[in-house]
Amino acid sequence: MNGMAFAPSDQAGNLRRLVEAQRQEVRQTAGGGLRTVAVLSGKGGVGKSNLALALSCALADGGKKVVLLDADLGMANIDLLCGISSRFNLSHVVGGSRGLDEVIVPLEDNVEVLPGGSGLKELADLDDTDLKGVIDSLGTLEDRADIVILDTGAGIHKGVLAFALAADTTILVTSPEPTSVRDAYGVLKSLRSASSEGKELLLVVNMAGSEREAQEVADRILTASRQFLGRSPAYLGCVLRDDAVGRAVRQRKTFYRLFPAAPAGLCVRRLAGELLQRWSGRMELPHPPRGLKTFFLRLSRGFFMEK
């Protein structure tokens, strides 16, 4: 590794210049580049990881190649939910001891899992030269995926917000519980403070008792956001509460595959269809997908820049 030290302000400036240079390499047509999607929540226990896993499989059914990146820096659990194991994670790629092919784990046709571990945060500790080398290595994902879904942590701490700000699309997951609704609004407030203008920001109500209940929850969040924050996410849809989800977790399988005709599975299929329609160019989006190199540059900057 290069031992030269950089002050945070110098590193931030250098990364901004790197971002601008890398942007020139990213395909500019809508739907033409790899799309990064951050899935986050205001609190734990709302089914965020299960949803990220199920969406990955549903988008693969829609013809997309998907890499699911377990980006929860504290409580990574995608491996438990889908019954895979890996000796290595992204920190080994960042450290140079393993290549990407040795870390990534195939889950099914067109779906692969990339364990994140501490490697994502370690990006922020690299100098410019080493950072560019790691990002070039990770950029090979462009050839094997159309979409990278990031299962992030819960809450509004700096790491979670960094993913949301770096990704092309952010999906905020809440449940109908009042504490979950309150914390989801807290995430929206923090994103507004962190200047997330121009991002595709979507809301999903998970574990809803009915579609009507989900719509009422979404309306409360959207109304408060418009009134007090000046902007609001788009309501993507809901996933109904379903005992099949718990049964699948105990079997270490995704409920979308194990019980595809169950209410939750049907809801996820509908959400995936809505996403694919949004990304097909039929709707006006804030910007086209920027690709993986730009994502990782923005992410590494977000970990050390003050919000």
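This is a predicted model: local features need pLDDT of at least 70, side-chain atom pairs count only at pLDDT 80 or more; totals for chains, interfaces and linings use all residues.
**Entry 1: Arg-270**

I started with Arg-270, which sits in helix H13, residues 263–282. Is Arg-270 buried, partly exposed or exposed? I looked up its relative accessible area and got 45%. Buried needs under 20% and exposed needs over 50%, with partly exposed in between, so Arg-270 counts as partly exposed.

Next I checked what its side chain touches. I found a polar contact with the side chain of Glu-211, at 3.0 Å. I also looked up Cys-238, which is 32 residues away from Arg-270 along the chain. The C-alpha atoms of the two are separated by 9.1 Å.

**Entry 2: the whole chain**

I stepped back to get my bearings. I counted 14 helices and 8 strands in the protein chain. The chain has 307 residues, and 54% of them are buried. I then looked at contacts with a separation of 6 or more, and 82% of those come from residues 24 or more positions apart.

**Entry 3: the sheet**

In what order do the strands lie? I read it off as E3-E4-E2-E5-E1-E6-E7-E8, an open sheet of 8 strands with mixed pairing. At the edges I have strand E3 (105–108) and strand E8 (234–240), each pairing on one side only.

I picked one pair to follow. Strand E1 (residues 35–41) runs parallel to strand E6 (residues 169–174), and 5 bridges join the two. I traced one of the bridges from Val-39 and landed on Ile-171 in E6.

Helix H2 covers residues 48–61 and lies across E1, E2, E3, E4, E5, E6, E7 and E8. Against E5, I get an angle of about 175° for H2.

Inside H2 I looked up Asn-50. Its relative accessible area is 14%, and the cut-off for buried is under 20%, so I wrote Asn-50 down as buried. What does Asn-50 contact, leaving aside neighbours within four places in sequence? I got Leu-81, Val-245, Val-249 and Phe-255.

**Entry 4: helix H8**

I went to helix H8, residues 158–166, and found it mostly covered, with 8 of its 9 residues buried. The buried ones include Val-160, Leu-161, Phe-163 and Leu-165. I also have Gly-159 and Ala-162 among them.

**Entry 5: the cavity**

How many cavities of 30 Å³ or more does the structure hold? I found 1. About 50 Å³ of space lies in the largest cavity. Its lining has 10 residues, and nearest the centre I listed Leu-188, Leu-201, Leu-229, Arg-231 and Ser-232.

Helix H9 (178–193) and helix H10 (211–229) each supply at least two residues of the lining.

**Entry 6: two positive phi values**

Last, I looked at backbone angles. Most residues other than glycine have a negative phi. Asn-110 has a phi near 70°, which is positive. I placed Asn-110 in the loop between E3 and E4, and its relative accessible area of 39% makes it partly exposed.

Met-207 also has a positive phi, near 55°. I found Met-207 in strand E7.

Terms used
Residues are numbered from 1 along each chain as its sequence is written. Side-chain values use heavy atoms; hydrogens and water are left out. Two strands pair if DSSP finds at least two bridges between them. Helices (H or I, at least four residues) and strands (E, at least two) are DSSP runs, numbered from the N terminus. Contact means heavy atoms within 4.5 Å. Axes are lines fitted to C-alpha atoms, for helices over the stretch in contact, and angles run from 0 to 180 degrees between N-to-C directions. Buried means under 20% relative accessible area, exposed over 50%, partly exposed in between (1.4 Å probe, protein chains only). A polar contact is a pair of N or O atoms within 3.5 Å; within protein, one must be able to donate a hydrogen and the other to accept it, and residues adjacent in sequence count only if both atoms are side-chain atoms. On a 1 Å grid over the protein atoms alone, a cavity is a set of points where a 1.4 Å probe fits but cannot get out, and a pocket is an open set with protein on both sides within 12 Å along at least five of seven lines; lining residues have an atom within 4 Å of a point. Grid points are joined across faces, edges and corners, and a volume is the space filled by probe spheres set on the points.
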